[in-house]
Amino acid sequence: MRPSALTPRWPAIAASLLAVLAVGVGVYYWVGNRAPARNVELYYADPQGMFLVPVDRPLTLPQAPAEWAQAVVAALRTPPRKGLVSPVTPDVKLLEASYAAPDWQLKVQVGENFGTTSERLVAGSLVRSFLASYPGSKEVTLRLVGASGQEFEGQHLDLSEPFHDADFVNTLDEAPSGGLNATVWWALPDGGTLAPIQVTLAHGSGVPPRDALASWTAGPPAASRLFLASVLPPGQSVHWAGLQAGVARVELAKAPRDDAPDRRFVEAALLTLTGEPGVTAVQFLHGGKPLSGAVGPYQLSAPLKRPQAVNSPTGDAS
């Protein structure tokens with residue numbers, strides 16, 4: 001009997017089926033091991049290395065903590081906005097990462113030129129990014145080692161204790177000690193990137209949101225204006241008009257327009273005021289009445305809540 005003409009083709013057919021199966025399994029594993037894309041808050045630095053600056057990036061990340069950590073460190077290497085730099089340079093490598101709620105355990109290798117400035121910026125970028133982006137995490141235990149594996153002795157950081165968000169807030173040397181603190185949002189010199197700066201509220205009125213607004217509108221201290229700028233457009237002034245049911249009411253001298261300077265002004269005001277206890281939204285007024293119209297995605301006729309994304313590379317604040 002003459003063998004079937006199809007017989008020699010079976011090995012090739014079988015190989016093709018196995019290849020298709022392997023691709024299917026790989027895709028299933030890749031999809032199953034990755035969470036849906038969402039905004040992840042990562043921290044970079046201004047060009048002078050003075051401040052840590054948050055940027056919300058839409059990323060699709062693995063679900064496994066160790067793989068998630070490596071993907072976040074990879075994203076930290078490339079700032080998504082002009083005017084920012086990454087403290088996590090190519091010679092900074094994540095050697096180990098594990099998570100046991102609520103603590104991250106990180107072992108990081110640093111380069112030969114790792115100094116006191118690099119120490120704080122690198123640690124701050126990692127700690128604030130991990131705590132802001134990984135649900136449930138509250139502290140980061142950081143172990144730094146040199147290129148040959150020797151332990152790095154922190155010069156300005158206590159590496160024996162876990163780090164928290166509050167360990168890496170941006171402050172100004174000119175801020176007086178004591179009193180209540182507030183986080184105000186000013187701009188970097190390029191005007192387009194907002195940075196959170198912790199200030200001390202001096203000579204307060206007894207209403208912290210009102211005092212935070214006053215500090216914000218006053219702008220950065222003179223000695224810091226090489227590194228920070230006010231976001232108030234020319235001719236704009238802001239006055240406190242009270243707090244009602246969690247809504248901070250703010251009176252503006254003139255209505256904002258739908259352009260970039262006014263959008264940054266609106267966003268900075270929202271971020272500053274909703275960071276205060278008891279403030280859930282902000283209502284902008286002109287002549288004692290709610291504004292009409294919009295600035296970017298913000299409909300000014302209704303109270304506005306805190307932006308879900310800060311310094312988004314796409315400019316999307318929703």
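Me: What makes the pair formed by the side chain of Q283 and the backbone oxygen of L300 a polar contact?
Reply: A polar atom of the Q283 side chain lies 3.4 Å from the backbone oxygen of L300. A polar contact is a pair of N or O atoms within 3.5 Å; within protein, one must be able to donate a hydrogen and the other to accept it, and residues adjacent in sequence count only if both atoms are side-chain atoms.

Residues are numbered from 1 along each chain as its sequence is written, and side-chain values use heavy atoms, leaving out hydrogens and water.

Me: Why is Q283 called buried?
Reply: Its relative accessibility is 6%. Buried means under 20% relative accessible area, exposed over 50%, partly exposed in between (1.4 Å probe, protein chains only). So Q283 counts as buried. Buried residues make up 42% of the 318 residues in the protein.

Me: Which residues does Q283 touch, leaving aside neighbours within four places in sequence?
Reply: Contact means heavy atoms within 4.5 Å. Among the partners of Q283 are V247, R249, P290, L300 and P303.

Me: How do you know how confident the predictor is?
Reply: Look at pLDDT, the predictor's confidence in each residue, from 0 to 100. The protein's mean is 87, and 85% of its residues reach 70 or more. Where pLDDT is low, the predicted coordinates should not be read in detail.

Note on methods
Predicted model: local features only at pLDDT ≥ 70, side-chain atom pairs only at ≥ 80, totals over all residues.
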